[in-house]
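Dear colleague,

I am passing on the structure below for your review. My notes on it follow directly after.

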Amino acid sequence: MTICYFTATGNCLYIAESLGGTCLSIPKLMRQAQIEIADDAVGIVCPVYAGEMPKMVRAFLAKANIKTDYFFFIYTYGMAYGEAFAHAALAARAAGLALAYVGAVRMVDNYLPIFKMQQQIEHLPEKKVEQHLFAIRRDIESRKTTAVRITPAVKLKMAVYQAAAKRILNGDTAQSYLVNASCTLCGVCARVCPADNIRLTDKVNFSSRCEVCYACLHNCPQNAIHLKREASPARFRNANVSLKQIVAANDDTDKA
Ligand SMILES: Cc1cc2nc3c(=O)[nH]c(=O)nc-3n(C[C@H](O)[C@H](O)[C@H](O)COP(=O)(O)O)c2cc1C
């Protein structure tokens, strides 16, 4: 089994590794000229962003040549996944794949404009992550299939979400991030960025390929990067995942 994952704060990395098999980082795969993946089962693990998948995951599906008899999609999310299952089914279909199984695990919501990370972490036990993970692992092992119905009502909801997604997942978003005086120019922000969107000179420079994953904000050792409007200054990284692992997943200095 091969699992391709995208992560900013470790939830998806934790789920991908817990499911077993070979885990491959989507940002690293995307730096290859060609992506060829063949296995008995191939899965994607990624976060829900504004009711759909990250832009890079969609681009990955369009670019990769995946050959498998069992293609599955697991989302992590914090509050509600909207019509993300339908997005997965349609993106798979567009890539010439049939989506055999889709699931979702509710975890800490790392969306800083709305959620206070300290509160999210305190309430995490209520989300029963391990129980959901156990059920999904069992489903995948038994090659369970799920059907995603794309009805006119689902399409309507997708259109509503998509309007929000367009606004929220804007590649220029990082231009408005504020870097305060506690920045030591350590470069961690650039190394955890999955989109190679950050360059260091005598300051931190953001380009226009932001995935709006907030990896730079959450993983900054000095907590020096902020949004103009954030629910609180607290930050999050999955307790089972180290900064080193996030760097290893997203850094562009060594290839996949
Ligand atoms: C820009 C952005 C949009 C998000 N949108 C949603 C959403 O629509 N629904 C939801 O439940 N969680 C949403 N989240 C929360 C993430 O899906 C969730 O925290 C995920 O587990 C993060 O995975 P990671 O730790 O692997 O990066 C959003 C997070 C970000 C950064």
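In this predicted model, strand β4 (residues 41-47) is largely enclosed by the rest of the structure, because six of its seven residues are buried. Strand β4 is paired with two strands. Strand β1 (residues 2-5) runs parallel to β4 and is joined to it by four bridges; within this pair, Cys4 stands opposite Ile44. Strand β6 (residues 70-77) also runs parallel to β4, with seven bridges between the two, and here Val45 of β4 faces Ile74 as its opposite residue. In a regular strand, side chains alternate between the two faces of the sheet.

As for the overall division, the chain falls into domain 1 (2-167) and domain 2 (173-250). Their C-alpha centres are 22 Å apart. Where the domains meet, 25 residues of domain 1 are in contact with 25 residues of domain 2. On the domain 1 side, the elements that supply two or more residues are α1 (11-19), α3 (55-63) and α5 (117-122). Of these, α5 provides the largest share, four residues. By class, this side of domain 1 consists of 15 nonpolar, eight polar and two charged residues.

Helix α1 deserves a separate remark. Seven of its nine residues are buried, and the helix is thus mostly covered. The buried residues are Asn11, Cys12, Leu13, Tyr14, Ile15, Ala16 and Leu19. After α1 comes Gly20, which has a positive phi, near 90°.

Finally, I turn to the nonpolar interior. In soluble globular proteins, nonpolar side chains tend to be buried together. The largest nonpolar core in this model comprises 76 residues, and those with the most contacts inside it are Tyr5, Ala88, Cys189 and Cys216. Helix α4 (residues 84-94) is the element that gives the most to this core, contributing seven residues. Because domain 1 (2-167) and domain 2 (173-250) both give residues to the core, it lies between them.

Which residues does Cys216 contact, leaving aside its neighbours within four places in sequence? They are Cys189, Val192, Cys193, Ile198 and Ile225. Cys189, one of these partners, is itself among the residues with the most contacts inside the core.

I would be glad to receive your comments.

With kind regards

Definitions and conventions:
Residues numbered from 1 in each chain as written. Predicted model: local features only at pLDDT ≥ 70, side-chain atom pairs only at ≥ 80, totals over all residues. Buried ≥ 20, exposed ≤ 12 C-beta atoms within 10 Å, placed from the backbone. Pairing = 2+ DSSP bridges. Domains from an automatic or database assignment. Contact = placed C-beta atoms within 7 Å. Nonpolar A, V, L, I, M, F, W, Y, C, P; charged D, E, K, R; others polar. Core = buried A, V, L, I, M, F, W, Y, C linked by C-beta atoms within 7 Å.
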